[in-house]
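Student: Please take one part of this model and go through it closely. Then connect that part to the rest of the chain.

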Amino acid sequence: MSKLDQPLTLPCGVAIKNRLAKASMTEGLADPYLRATDRHARLYARWADGGTGLLLTGNVMVDRRHLERPGNVAIEDRLGVRQLEAWAKAGTTNNTQLWMQINHPGRQTPKFVTRAPVSASDVELKLSGMFAQPRALKEPEIEDIIDRFGFVARIARETGFTGVQIHAAHGYLLSQFLSPLTNIRQDQYGGNLKARAKLLLDIVRNVRSKVGSAFPVSVKLNSADFQKGGFSAEDCTRVVGWLVEEGIDLLEISGGSYEQPKMFDMAGDSRKHDDPLTASTTRREAYFLDYARQIRKICPIPLLVTGGFRTRAAMDSALQENACDLIGLARPYCVATDLAEQMLTGVMTETPRMEKALRLGRWRVLGPQSPFQMIKMINGFGQQAWFCEQIKRLADGQEADMKMGLLSALRTFQANEKAAAKAIQILAR
Ligand SMILES: Cc1cc2nc3c(=O)[nH]c(=O)nc-3n(C[C@H](O)[C@H](O)[C@H](O)COP(=O)(O)O)c2cc1C
């Protein structure tokens with residue numbers, strides 16, 4: 001019997017109606033004041049209508065000066081609360097859990113958005129000159145960031161979101177603090193792993209104090225960064241132990257960063273790449289399940305695994321063997337908003353195939369596993385742009401366009417991002 005349609009009760013007492021979660025996807029739909037818009041509400045109404053138990057929002061920023069991309073929602077005050085309420089109302093219909101993902105990008109913010117990024121230390125993200133040199137945060141600024149996460153969590157609760165998730169994965173600020181490659185601080189936030197995890201743990205504690213014990217608090221964490229000398233699988237296991245002690249309600253496992261985009265099953269610079277677990281047969285489909293099995297041994301709290309799930313058989317089997325409690329999917333939701341309902345009723349046994357649309361050309365050498373770094377990068381950024389453009393279509397009430405080309409998506413995306421960044425900057429002056 002499938003566990004997919006069974007409810008899950010979290011430690012805080014809240015129940016999720018089934019085992020399918022739409023993982024976070026940055027929407028890029030905010031207005032130039034970085035407030036949510038009608039498009040958020042329309043998009044999440046569709047996803048909620050589609051039968052998924054848990055919807056995680058795209059990352060919402062805690063600081064207007066530091067964005068992951070120009071269309072991010074950022075919350076610093078109570079302006080924009082009405083729009084958040086509309087978004088929450090739409091996303092919680094159909095007894096759906098809607099959790100706000102909260103983030104600070106740190107150094108992982110494009111140059112055209114932030115010319116003066118901050119990070120744990122002044123270690124630059126070297127990727128085709130797209131990112132500016134960061135400066136190390138001072139201790140009072142770190143305390144301010146802890147407050148900001150708490151404030152955004154409180155606003156999320158007040159405006160009707162039913163939970164929050166702290167983003168500590170994918171190379172953003174909290175990941176930067178966790179990794180010894182990007183955190184070379186010598187104060188209380190740097191040095192050994194416990195010190196590198198202090199910012200994350202302080203944030204979890206502050207968020208909990210702002211939302212109370214009956215409200216779901218989740219963390220998204222990398223199983224590893226897959227960078228030689230970086231945040232390792234062993235580090236992850238130890239951090240999970242501390243998160244369990246903090247009493248979080250759900251741990252989401254992913255992996256990678258812009259440098260090693262393993263969350264998309266892509267690898268970056270092979271000289272810096274590190275992947276200690278050899279690929280198993282399930283690996284092609286569920287990228288982090290092998291890691292989740294290890295984490296599970298020491299993690300009594302509910303576990304969500306995201307990355308690569310595409311068939312109902314693999315989802316059923318992951319739940320059946322108790323490797324995780326929830327299945328996270330992201331990209332398939334950009335082309336099928338009713339994916340959960342279809343999977344749960346057995347109408348769909350496999351998510352729609354997108355591979356053809358998602359490569360530069362017919363030959364293998366032009367695909368995402370190309371031996372040429374430049375082609376790999378165009379495929380990577382092109383795919384990301386393709387999904388972002390599909391999200392905009394859904395938010396506008398249209399259907400996904402499976403015939404959209406990778407390069408045309410990339411061109412449209414880049415032009416829109418630059419225009420949006422300019423609009424924000426004009427308003428900020
Ligand atoms: C367009 C797009 C935007 C994303 N934005 C976020 C985000 O805001 N926060 C996050 O934690 N992950 C983000 N992700 C990563 C997904 O949550 C997920 O980890 C990844 O896509 C792997 O899952 P999948 O194979 O089911 O797509 C994004 C992915 C895509 C495709």
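The shell around the ligand

Tutor: Helices (H or I, at least four residues) and strands (E, at least two) are DSSP runs, numbered from the N terminus. The model is predicted: local features need pLDDT of at least 70, side-chain atom pairs count only at pLDDT 80 or more, and totals for chains, interfaces and linings use all residues. Residue numbers start from 1 along each chain as its sequence is written.

The shell has 23 residues, and the closest are Ala23, Ser24, Asn59, Ala330 and Arg331. By class, nine shell residues are nonpolar, 12 polar and two charged. Here Ala, Val, Leu, Ile, Met, Phe, Trp, Tyr, Cys and Pro count as nonpolar, Asp, Glu, Lys and Arg as charged, and the others, Gly among them, as polar.

Where does the shell lie? Domain 1 (8-352) and domain 2 (354-429) both supply residues to it, so it lies between them. Those bounds come from an automatic or database domain assignment. The domain centres, taken over C-alpha atoms, are 21 Å apart. Their contact takes 23 residues from domain 1 and 22 residues from domain 2. On the domain 1 side, 14 of these residues are nonpolar, three polar and six charged. Contact means C-beta atoms, placed from the backbone, within 7 Å.

Back to H11. This helix runs over residues 373-395, and its 23 residues should span 33 Å at 1.5 Å a residue; the end C-alpha atoms are 33 Å apart, which agrees. The expected span is 1.5 Å times one less than the number of residues. Just after H11 comes Gly397, with a positive phi of about 85 degrees.

H11 is also a packing partner of helix H1. The buried residues of H1 pack against H11, H2, S6, strand S3 (20-22) and strand S4 (54-56). They are Arg39, His40, Ala41, Leu43, Tyr44, Ala45, Trp47 and Ala48. Buried means 20 or more other C-beta atoms within 10 Å, exposed 12 or fewer, and partly exposed in between, with C-beta atoms placed from the backbone. H1 covers residues 38-49; its 12 residues should span 16 Å, and its end C-alpha atoms are 16 Å apart, which agrees. Gly51 follows H1, with a positive phi near 95 degrees.

Beyond its neighbours within four places in sequence, Tyr44 contacts Leu55, Trp87, Ala90, Gly91 and Leu98. Tyr44, Val164, Val305 and Ile327 have the most contacts inside the largest nonpolar core, which has 121 residues. This core takes at least three residues from each of domain 1 (8-352) and domain 2 (354-429). Such a core is a set of buried Ala, Val, Leu, Ile, Met, Phe, Trp, Tyr and Cys residues joined through C-beta atoms within 7 Å.

Leu98 has another partner. Thr162 touches Thr92, Gln97, Leu98, Trp99 and Pro216, leaving out residues up to four places away in sequence. Thr162 sits in the loop between helix H3 (139-159) and strand S9 (163-168). It is buried, with 20 other C-beta atoms within 10 Å.

One more loop joins H2 and S6. Asn94 is placed between helix H2 (81-91) and strand S6 (97-103). Asn94 has a positive phi of about 65 degrees, although it is not a glycine. It is partly exposed, with 14 other C-beta atoms within 10 Å.

Key:
Two residues are in contact if their C-beta atoms, placed from the backbone, lie within 7 Å. A residue is near a molecule or strand if its C-beta atom, placed from the backbone, lies within 6 Å of it.
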